[in-house]
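Here is a short briefing on a single structure. Read it alongside the sequence and the 3D view.

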Amino acid sequence: MEQTKAISALAALAQEDRLAAFRLLVSVGPDGLPSGTIAEKLDVQPTRMSFHLTTLERAGLLSAQREGRHIRYAVDFGQMRHLLAFLMEDCCANNPEICGLADIKPPRSSSL
């Protein structure tokens, strides 16, 4: 991943509602959710959520599929993997096992 794309993706995630939407969409998998459902689940005004989802889409983190009057958003897992690989590229002199990432278990969040 190019540095400019990584910066764009990280900047898009650096906002509370966008990060929450991204995490929610990661949790539901490749089928994604309609924008209205995302807004409802996160208790965010639908027009504001649409703005945030568009920002994540432009950063390459989400894909959007029109379904009639609704838009379904889903995580682009390929781009997410590229971003994670970019962030970990130089981890511990290319010895990621030294970083102990396999031992880290993310906390379960009840907010999603």
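The buried residues of α1 pack against α2 (16-28), α4 (46-58) and α5. The model is predicted.

**Helix α1**
- Ala6, Ala9, Ala12 and Leu13 are the buried residues of α1. Viewed down the helix axis, they fall within an arc of 130°, so they line one face of the helix.
- An α-helix has 3.6 residues a turn, so residues three or four places apart point the same way.
- Gln3 and Thr4 are exposed, on the face of α1 turned away from its buried side.

**Nonpolar core**
- The largest nonpolar core has 24 residues. Phe22, Leu25, Ile38, Met49, Leu53, Leu56 and Leu62 touch the most other members.
- At least two residues of this core come from each of α1, α2, α3 (35-42), α4, β3 (70-75) and α5.
- Nonpolar side chains tend to be buried together in soluble globular proteins.
- What does leucine 62 contact, leaving aside its neighbours within four places in sequence? Its partners are Phe22, Leu25, Leu53, Leu56, Glu57, Tyr73, Ala74, Val75 and Asp76.

**Histidine 52**
- Histidine 52 sits in helix α4.
- Is histidine 52 buried or exposed? Histidine 52 counts as buried, because its relative accessibility is 6%, and the cut-off for buried is under 20%.
- Leaving aside neighbours within four places in sequence, histidine 52 is in contact with Gln15, Asp17 and Arg18.

**Salt bridges**
- How many salt bridges are there? The count comes to 2 salt bridges.
- Aspartate 17 pairs with arginine 48, with the closest N and O atoms 2.5 Å apart. Aspartate 17 lies in helix α2 and arginine 48 in helix α4, so this pair ties together parts that are 31 residues apart in sequence.
- Aspartate 17 is buried, at 13% relative accessible area. Arginine 48 counts as partly exposed, at 39% relative accessibility.
- Arginine 72 forms a salt bridge with glutamate 67, and their closest N and O atoms are 2.9 Å apart.
- Arginine 72 is partly exposed, with a relative accessible area of 25%. Glutamate 67 is partly exposed too, with a relative accessible area of 36%.
- Side chains of opposite charge can pair when their charged atoms come close.

**Aspartate 43**
- Where does aspartate 43 lie? Aspartate 43 is in the loop between α3 and α4.
- Aspartate 43 has a positive phi of about 55°, although it is not a glycine. Most residues other than glycine have a negative phi.
- Aspartate 43 counts as exposed, because its relative accessibility is 71%, and the cut-off for exposed is over 50%.

**Nonpolar surface patch**
- Which residues form the nonpolar patch on the surface? Leu10, Leu84, Leu87 and Met88 form it, with about 340 Å² of accessible area together.
- Helix α5 (residues 77-88) gives the most to this patch, with 3 residues.
- Leucine 10 belongs to helix α1 (residues 3-13). Leucine 10 counts as partly exposed, at 37% relative accessibility.

How values were computed: Residues are numbered from 1 along each chain as its sequence is written. This is a predicted model: local features need pLDDT of at least 70, side-chain atom pairs count only at pLDDT 80 or more; totals for chains, interfaces and linings use all residues. Side-chain values use heavy atoms; hydrogens and water are left out. Patches are made of residues with over 30% relative accessible area and no salt bridge: like charges are joined within 9 Å, nonpolar side chains (Val, Leu, Ile, Met, Phe, Trp, Tyr) within 5 Å. Accessible areas come from the Shrake-Rupley method with a 1.4 Å probe; for residues, only the protein chains shown count as cover. A salt bridge is a side-chain nitrogen of Lys or Arg within 4 Å of a carboxyl oxygen of Asp or Glu. Helices (H or I, at least four residues) and strands (E, at least two) are DSSP runs, numbered from the N terminus. Buried means under 20% relative accessible area, exposed over 50%, partly exposed in between (1.4 Å probe, protein chains only). The arc is that of the directions from the helix axis to the C-beta atoms. Contact means heavy atoms within 4.5 Å. A nonpolar core is a set of buried Ala, Val, Leu, Ile, Met, Phe, Trp, Tyr and Cys residues joined through side-chain atoms within 4.5 Å.
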